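Reader: I would like to go through this model with you. Please set each value against its definition.

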Protein chains: 4
Amino acid sequence: MKTSVAILGATGYTGSELIRLLEEHPHFEVTHLGAHSQAGKRAGEVLPGISGKTADMVLATSDATLADDIELVFTALPHGAAAESVKSALDAGKKVVDLSADFRHKSHDIYKAAYQAEHPCPDLFAEAVYGLTEFTRDKVKASRLVANPGCYPTSILLPLIPLLKSGLLDSKGIVIDAKSGPSGAGRSAKTGLLYCEINEGLSTYGLPRHRHVWEMEEWAKTLGQQQMTVRFVPHIIPMTRGMLSTLHLTGESPEKWHTILSESFADERFVNVLPQGTLPSTHGVKGSNRCDIGICVIGNHEAVIVSCIDNLLKGASGQAVQNANLMFGFDEGLGLSATALWP
Amino acid sequence: MKTSVAILGATGYTGSELIRLLEEHPHFEVTHLGAHSQAGKRAGEVLPGISGKTADMVLATSDATLADDIELVFTALPHGAAAESVKSALDAGKKVVDLSADFRHKSHDIYKAAYQAEHPCPDLFAEAVYGLTEFTRDKVKASRLVANPGCYPTSILLPLIPLLKSGLLDSKGIVIDAKSGPSGAGRSAKTGLLYCEINEGLSTYGLPRHRHVWEMEEWAKTLGQQQMTVRFVPHIIPMTRGMLSTLHLTGESPEKWHTILSESFADERFVNVLPQGTLPSTHGVKGSNRCDIGICVIGNHEAVIVSCIDNLLKGASGQAVQNANLMFGFDEGLGLSATALWP
Amino acid sequence: MKTSVAILGATGYTGSELIRLLEEHPHFEVTHLGAHSQAGKRAGEVLPGISGKTADMVLATSDATLADDIELVFTALPHGAAAESVKSALDAGKKVVDLSADFRHKSHDIYKAAYQAEHPCPDLFAEAVYGLTEFTRDKVKASRLVANPGCYPTSILLPLIPLLKSGLLDSKGIVIDAKSGPSGAGRSAKTGLLYCEINEGLSTYGLPRHRHVWEMEEWAKTLGQQQMTVRFVPHIIPMTRGMLSTLHLTGESPEKWHTILSESFADERFVNVLPQGTLPSTHGVKGSNRCDIGICVIGNHEAVIVSCIDNLLKGASGQAVQNANLMFGFDEGLGLSATALWP
Amino acid sequence: MKTSVAILGATGYTGSELIRLLEEHPHFEVTHLGAHSQAGKRAGEVLPGISGKTADMVLATSDATLADDIELVFTALPHGAAAESVKSALDAGKKVVDLSADFRHKSHDIYKAAYQAEHPCPDLFAEAVYGLTEFTRDKVKASRLVANPGCYPTSILLPLIPLLKSGLLDSKGIVIDAKSGPSGAGRSAKTGLLYCEINEGLSTYGLPRHRHVWEMEEWAKTLGQQQMTVRFVPHIIPMTRGMLSTLHLTGESPEKWHTILSESFADERFVNVLPQGTLPSTHGVKGSNRCDIGICVIGNHEAVIVSCIDNLLKGASGQAVQNANLMFGFDEGLGLSATALWP
């Protein structure tokens, strides 16, 4: 019998992507779809891609009681709103993977600085495990609450952590210029996200300090053992999915960094370090749970690292399923593809 | 001294396009920008493309009194809302070009059927002139109220009218399959218009009977002297601007139709009939006020006609300026380009 | 042990898609990749999406001898070039799924009319099975040579055949207006396929008579038992994948057509008839092997049918794998998804 | 009477854009279009956007003799090829604006390092004027050979030069992360520029040292009076036109930089410094000759500057016309728009 799963926030882009991944999962089965404003509708009416019996499920209200047999809850809700649902689910004895930012921080002060709001249940911070799978695998396995990392931090921390640990990186002068498609901004009806406002144009946003900077700095310190300072500028790109982070780095012996990265991820099926000098494209990861990393040494003390993910997969729902697999003792790659949908 | 002009509904896509065209117009000068929800802001804050002194104008509320020296008002408002503003402007002695659908019909019954609403001032229907410039030029010149045609009717009636008048067309079996970018749907924050919902996808809408069918049939009869029946299916295409209408036609002597079209538009600078057998692309008209028409004869009784416009120009704001030029005795091409921005 | 498979023409878009599908297939294993101009390179160098051990395979020349243990060959080559490779593979005792047009016709005269060339081995026409799976399943199972249908014919014949068989359709006045992304045109370096020539534009092509008209008319007659005449106009759309065919139909009792379609495909997992009045978007099928069909009745004798597929999947490589599964006695859905990658 | 103008390389994207600009220019008239591979065709056959009589001109071979009355030649040819044409035109007494890289350098050694080729006429380097109009206006006026700047250097040097001159910038730690649409790569039929290879994807290119780095460093020194070292990473973005350069800067008193930029460009109609803290989008400059510059101070010693241009206008053909206007004593803005085509 399959493990019964609820998705709260099912009608957004990450919720829809969770449904897609779980439709073909051998051990999980979605039995509950929560959706605030669309409650009462057939799922297939609101989500064009899904098929089969999930399409015929009726969307529940966001505060509907979860059936007893549900063992796992994915919360794909806005930060702030997620925390309450997470607490309820935990109280009802379910395991939770939270895709919001609500449990990514260890300090309430940092949370408040980043999100400009009080947190409703900071007491849960202590047990939440940051689910950057490749670096926190064992803790994820033992956890009942996984805080799924942000998309930018995922693409950036994966290559940075091994280099920070090596001590070769100049951790104070890191410049990160990141680019993402607008699916990461969610499915809210905002003028700035209209087709004609995004298409054929390019801009920065989130300056001077994007919320994910706090998350990156905190986990660089914890997992990379370095106090990192980043200058981080995100851009929105006219493509639906995909994220490319360009890391402009200085430090010692950049010619050794490729080896450090290759060795760090040699056994990882979802992190792929390209040959020295080859830089990845988001085309290589769209539709897959892979992170592709490339490095190009520029001079004696400089290198550029490019890291690509699908922001809805390794940057959100894919990593969430990867973590869920671990929490239930399954092979961590179940339901996930390492091959991209290209072109 | 320049003629002073107001634009009501200045912050939508057609309003913005009017501003752009008038910024470089030798005889018109925009002195009033009305904008419901954005009133009080600098125009440049809301409209990224404009420059210079228009960008520094402050947006007025939609019901602000228009200064006495304003002689011309463009109403780029939703249907229903436009009618009241048109009436006020006429009462205050201004001329009006209305880009909404409110004065495109001659019968209140047809208006109600198409727009599912009562019209607030149907008494004005009698004096409104339908501004399909190439066919109603003289009436436009003498008018104080021009109803600017819809984008689909413009692209479709231009090639159809000469053929309907010729009597060679089978006017009962006309199939029109039309494609438009989403800028024609306006700048409202609707989920269905978000980037990720439009990009990389394709769909029909407006079935079984799009509002523009009433408009096309009415003006085919008046200007083409034929009772036309169309099967009309519009599609939304992932590109910001551009409209391509594919007319699947049957009738007599289709090999003569190219000559009929060429002769009809021989003296028109904004209607371009391509050589026999060559079909246009929207690339040829983006950013221009041109309509490009091509015809390909398929058999003894069949032909395909393709008609391309920029939906925001010949399909909206460009034709509106063309009409305004005529209403004020100017050369009708002032401020308008016949060359496309390509690529 | 898995069945060993060769893909000839592996570096084009359909070849790449075959690799992707087979990488996760439980019973097929790609052991040979043929690629004319790129022979000698690592597959991963040329194909950005693939991963794992396929990426490390070296591309063979197009005329390389196939190993004895290869049992199945997919030919994803241009028409004309495919025929010779198909013949060699059959002579060597392999089964073949040919994605080109070379074996889709039963008459050499029709082939010559459509493709303007002599066919090198018309003697093979007799045994080739047209692989429109839902209608030729039993023949496919027994075949050693499957001619995989064209993308337009697939999207169009699926809804047409049941209606043609019903006798209710006016089979002489069928107008089909089809739209496809440019991935169907292949990966050749042609100016007309450059990003800037396709992006933000829209045009028709292939008039007056696209090659697929012969294919559609032939199989409408064979499988639908009606001599059909179509007026067919294809358009190229600025999106990578996806095909939407709009069928403008007349006939008797169009209110019954939805039932006819629903019943015809009730047991098909890859053909999905939407509720009466709902028309599909290509968003619902991108990345899936599904064909979504919707119908909207317009009047007493008219209806519009919209049929959507992913041109690289149900329109090419997906249907090819579906057929291959049947040829080897596997479940026909192995390796194929019915859920779309959306957004 | 208008000044007669030749465009060599008329069928590429910059050539087409020159035609568009000059079609509506009051004093220049295009009388000669040179086009290597397309010679003999009507211009309108090859260039979809142009109209009127230019569309009817016949394309000449690239080595055709220029008529005596031609006074100005635009060379929109690949580097290497351009130099010979420039020399011939100068020898024939014409003035030249060269859009290639062939005359942007003062030293043959630097040219050879950047372009990996001998230059055929380095003796002309001395008299070529670098046409970054806002900084070299007087020299342009007096010149008969203007080297039109590269697109990246234009977008980057405009904001950098005033800051370098101020002495406040740390000129050794400049990180520039730039993004451009593929129209800058030209109209050659290359696989990497196909629609499906660019669309919905994102990648870097040109590393470790893009050719434009030499150009930027040389002119930073000459015009900014500082030996600058940049780490420069360009990216290709799925949009036809537009370039956004993100400058990650350190130095003293970044809070003063906005004033420095505002004062530097106070009288420039084509350089627009946005209010402090506001960063531009390429939407604001598409179709215009404007450069929009914004600055956001990040900390006590850091700021981000974003600079946007239309790569085909201020980054190529627009600046070329601006320079040509000056060379002939015309108002430098003739034929150029400061307003964008938006959306």
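Author: Across the interface of chain A and chain D there are 18 residue pairs in polar contact, both residues at pLDDT 80 or more. This is a predicted model, in which local features need pLDDT of at least 70, side-chain atom pairs count only at pLDDT 80 or more, and totals for chains, interfaces and linings use all residues. Residues are numbered from 1 along each chain as its sequence is written, chains are lettered from A and ligands numbered from 1 in written order, and side-chain values use heavy atoms, without hydrogens and water.

Reader: What makes a pair count as a polar contact?

Author: Two N or O atoms must lie within 3.5 Å; within protein, one must be able to donate a hydrogen and the other to accept it, and residues adjacent in sequence count only if both atoms are side-chain atoms.

Reader: Why is the meeting of Arg231(D) and Glu302(A) called a salt bridge?

Author: The rule asks for a side-chain nitrogen of Lys or Arg within 4 Å of a carboxyl oxygen of Asp or Glu. Arg231(D) and Glu302(A) are 3.7 Å apart, N to O, so the pair qualifies. Four salt bridges are found across the interface of chain A and chain D.

Reader: How do you know how much area chain A and chain D bury?

Author: Buried area is the accessible area (1.4 Å probe) that two parts lose on being put together, summed over both. For chain A and chain D that comes to about 3300 Å², 63% of it on carbon and sulfur atoms. Glu200(A), Leu202(A) and Arg231(A) supply 22% of the area that chain A buries against chain D, more than any other three residues.
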